[in-house]
Amino acid sequence: MDSPMCLVENADGELHVVPGAIKYLMGLNQKVVVVSVVGLYRTGKSYLMNKLAGKRKGFALGATIQSKTKGIWMWCVPHPEKRDHTLVLLDTEGLGDVEKGDSKNDAWIFSLAILLSSTLVYNSRGTIDNQAVENLQYVSELTERIKVNSSSAASSSHDDEEGGDAQFVQFFPNFVWAIRDFTLLLEIDGRNVTEDEYLEHSLELRKGGGKKNLMYNLPRECIRNYFPSRKCFVFPTPTTPANMPHLDSMDEAGLCGSFRKVADTFCCFIFQESRTKTVKGGHNVTGRMLGHLVNTYVETIAKGSVPCLENAVLAMAQIENQAAVDEGQVVYQRGMEEVKALFPVDMGQISAHHLRSDHQATQAFMKRSFKDENGDFLKALAVAIAKHYAVLLIQNEDASEKKCAALLEKLSAPMAQKIKEGIYTTPGGYELYCSHHDNMVAQYRAKPDKGVRAEEILEQFLREKSLEKNSILQADKKLTENEKKIHEEQEKRALAEQAVKMEAEKQHQLEKLIQERERSHQEGICQLEAKMVQEAKEKQQELERALDSKLHEQEKLMAKGFTEKEAAMKEEIQSLREKEEAKCEEKEEQSRNFRAIAQGVMESVSNGLGHYFNYKKAREQRKAIVFKEQVRFNLKSGAVGNIPDKERMTLKQDKMATPKLKTGAVGNSKDTTLPKVNTGTTGKSPGSEV
């Protein structure tokens with residue numbers, strides 16, 4: 001992004017997202033570190049943002065008493081230290097603008113900055129005095145502006161109250177206080193102190209009761225409780241008062257050396273210590289996800305409601321998980337394009353491509369998805385992949401059938417011409433026919449790359465030709481009746497052997513399908529388990545971070561003698577520890593859920609492949625009907641020679657009993673389970689067992 005753009009527009013006190021900025025974020029797939037700056041208007045916030053962007057110009061600095069920044073402006077730049085991360089800088093509208101005069105609007109701007117950022121920079125001028133702290137009045141209103149849990153969720157809003165500030169600590173950004181134009185000595189009671197010690201001293205609480213102390217302590221308590229990670233920088237005046245209006249056009253060398261030193265230290269701290277933006281549950285946020293959050297939060301505020309972290313994450317998870325399913329499908333389909341262009345191929349080739357593409361698709365899904373707690377979206381992807389694979393299997397079989405049929409037609413054409421010429425109707429014609437027939441079959445078998453239906457199409461062809469062959473046999477006057485019977489038996493054995501080869505081919509394909517389904521299932525389980533372990537680790541880290549911050553804060557308060565705060569602090573710490581202990585129970589529940597998801601995915605794959613087996617079943621039925629109709633036609637036209645009376649009777653009965661296939665029967669069968677593998681040849685096709 002070459003220059004900043006408005007992300008949230010503030011027009012007449014109403015907040016609206018800017019579609020162009022959201023569109024930019026939606027195209028940003030990298031993880032983001034989000035740094036927001038807030039503070040009173042005309043305090044030099046924009047200069048700090050430009051410095052972080054590594055640019056002299058960008059965010060409007062302004063040289064008058066009027067505020068230049070309205071709403072929230074965004075600048076996305078490559079992170080200078082974190083690979084594959086984008087640094088998102090948010091410059092917010094100045095708080096307390098006299099031209100606006102709307103503290104409620106200021107509070108929402110402040111709340112949005114907290115919700116969207118991983119580091120919040122509060123910019124002020126002069127010193128940290130009581131007025132500077134009170135200007136952070138919006139901190140004390142945060143519980144009214146932000147909800148952690150949905151009231152409809154299992155952990156209700158009552159849980160928010162029980163968890164106290166600890167609920168917010170888990171999700172709030174790091175806090176950096178930047179004090180501009182600081183002219184005092186960093187001394188307390190004659191002792192030199194650091195900037196951080198100065199900040200902590202300014203946030204110390206007063207002992208004792210009374211309204212005055214209560215009002216004094218309230219904003220300080222809120223800052224301490226909500227932002228346990230705190231850092232302070234004090235900036236001297238950068239240049240002379242006369243040059244201040246021209247700060248954005250001044251060369252860096254013209255600025256005060258001590259100011260430049262602090263500014264560089266500030267930037268290094270932000271680059272090194274600002275963590276990747278996360279949401280409730282510890283999930284890392286990408287630019288695309290940040291766009292969803294901005295939309296959700298601003299829409300909620302515009303409706304007059306309070307933004308809820310849990311609801312925002314759930315809404316984003318639905319969108320992202322569906323997008324993850326779509327992305328997985330695209331990855332799978334793209335991966336199968338190479339083998340599709342080669343159709344027909346054998347089962348080994350298409351299976352290898354399927355396993356690789358399925359693995360890549362699941363990887364793409366896992367990388368993008370989160371909070372798919374019941375595995376619904378993973379199942380949806382499994383079904384989509386299985387259905388697409390079923391379509392490809394059908395297309396490959398059709399391509400194989402077409403190629404094999406064309407090859408047989410080409411190879412048998414010379415024999416068909418000889419039949420027309422009556423060459424095989426002379427004495428000895430049957431032996432000549434058999435020689436040509438065997439040679440044709442040998443040429444067919446020698447032809448490579450016929451695909452998965454090579455034996456099946458040959459079996460169908462030989463059965464059809466057996467009628468023609470029998471006719472020639474019966475017409476050959478050179479052969480005795482006994483020799484004819486011997487040839488008939490030989491033909492039956494040849495057809496039976498071919499049927500065995502056909503069934504073996506089908507059985508091999510079915511076994512390959514089941515093997516690849518099992519391999520795909522095992523790989524999917526490994527990826528799912530790794531994903532769930534990672535998500536559990538992110539939750540644990542989030543909880544541990546909150547617990548550590550509370551223990552650290554408790555230690556500070558106890559060292560200062562605030563024993564009256566001990567009970568409340570202990571309660572919050574105990575609440576966090578109970579959550580940590582509950583992780584063991586969650587792991588057991590997660591294990592049960594994991595097994596259920598794995599089983600569901602397996603069933604989804606079987607259901608998806610059911611389309612393929614329904615197709616095969618219907619094809620078998622259709623093929624049987626076509627063959628019988630062909631026999632009847634030959635009988636009626638006299639094209640077939642001597643067929644035994646018993647066989648004629650069977651054909652007649654079949655004609656009476658043959659059901660008609662309904663249009664669309666392929667996709668309507670309810671029984672879509674993957675058939676069991678036969679250990680031996682039974683004469684049934686795999687599709688007929690569905």
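Which residues line the second largest cavity?

## Overall architecture

The model described here is predicted. The protein contains 19 helices and 12 strands. Of its 690 residues, 49% count as buried. Contacts in the protein between residues at least 6 apart in sequence were also examined, and 76% of them join residues at least 24 apart.

## Strand 4 and its antiparallel partners

Strand 4 spans residues 72-78 and is mostly covered, with five of its seven residues buried. On one side, strand 4 runs antiparallel to strand 1 (residues 5-11), and three bridges join the two. One of the residue pairs is M5 with its bridge partner M74 in strand 4.

Strand 4 also runs antiparallel to strand 5 (residues 85-92), to which it is joined by seven bridges. Here I72 has T92 in strand 5 as its bridge partner. Strand 4 and strand 5 form a hairpin with six residues between them. D84, which lies in the turn, has a positive phi of about 60°.

## Strand 6 and its parallel partners

Strand 6, residues 119-125, pairs in the parallel sense with strand 3 (residues 31-39) over five bridges. The bridge partner of V37 is V121 in strand 6, and that of S36 is L120.

Strand 6 pairs with strand 7 in the parallel sense as well, over seven bridges. In this pairing, S124 has I179 in strand 7 as its bridge partner. Strand 6 is mostly covered: six of its seven residues are buried.

V18 is located in the loop between strand 2 (14-17) and helix 1. Is V18 buried or partly exposed? V18 has a relative accessible area of 21% and is therefore partly exposed, because only values under 20% count as buried. Setting aside residues up to four places away in sequence, V18 touches C6, L7, V8 and E9. The C-alpha atoms of V18 and N295 are separated by 9.5 Å, although the two residues are 277 residues apart along the chain.

N295 also takes part in the contact between helix 1 and helix 11. Helix 1 (residues 19-26) and helix 11 (residues 287-302) pack at an angle of about 145°, and their axes are 6 Å apart. From helix 1, the contact involves I22, L25 and M26. These residues meet G287, R288, L290, G291, H292, V294 and N295 in helix 11. By residue class, the contact of helix 1 with helix 11 divides into five nonpolar, four polar and one charged.

## Cavities

Five cavities of 30 Å³ or more are found in a search of the whole structure. The second largest cavity has a volume of about 90 Å³.

The lining of the second largest cavity consists of I114, L115, F171, F172, K277, T278, V279, K280, Y297, L309 and V313. At least two lining residues each come from helix 3 (103-116), strand 11 (278-279) and helix 12 (309-340). The lining residues of this cavity divide into eight nonpolar, one polar and two charged.

How values were computed
Residues are numbered from 1 along each chain as its sequence is written. This is a predicted model: local features need pLDDT of at least 70, side-chain atom pairs count only at pLDDT 80 or more; totals for chains, interfaces and linings use all residues. Side-chain values use heavy atoms; hydrogens and water are left out. Axes are lines fitted to C-alpha atoms, for helices over the stretch in contact, and angles run from 0 to 180 degrees between N-to-C directions. Helices (H or I, at least four residues) and strands (E, at least two) are DSSP runs, numbered from the N terminus. Contact means heavy atoms within 4.5 Å. Ala, Val, Leu, Ile, Met, Phe, Trp, Tyr, Cys and Pro count as nonpolar, Asp, Glu, Lys and Arg as charged, and the others, Gly among them, as polar. On a 1 Å grid over the protein atoms alone, a cavity is a set of points where a 1.4 Å probe fits but cannot get out, and a pocket is an open set with protein on both sides within 12 Å along at least five of seven lines; lining residues have an atom within 4 Å of a point. Grid points are joined across faces, edges and corners, and a volume is the space filled by probe spheres set on the points. Buried means under 20% relative accessible area, exposed over 50%, partly exposed in between (1.4 Å probe, protein chains only). Two strands pair if DSSP finds at least two bridges between them.
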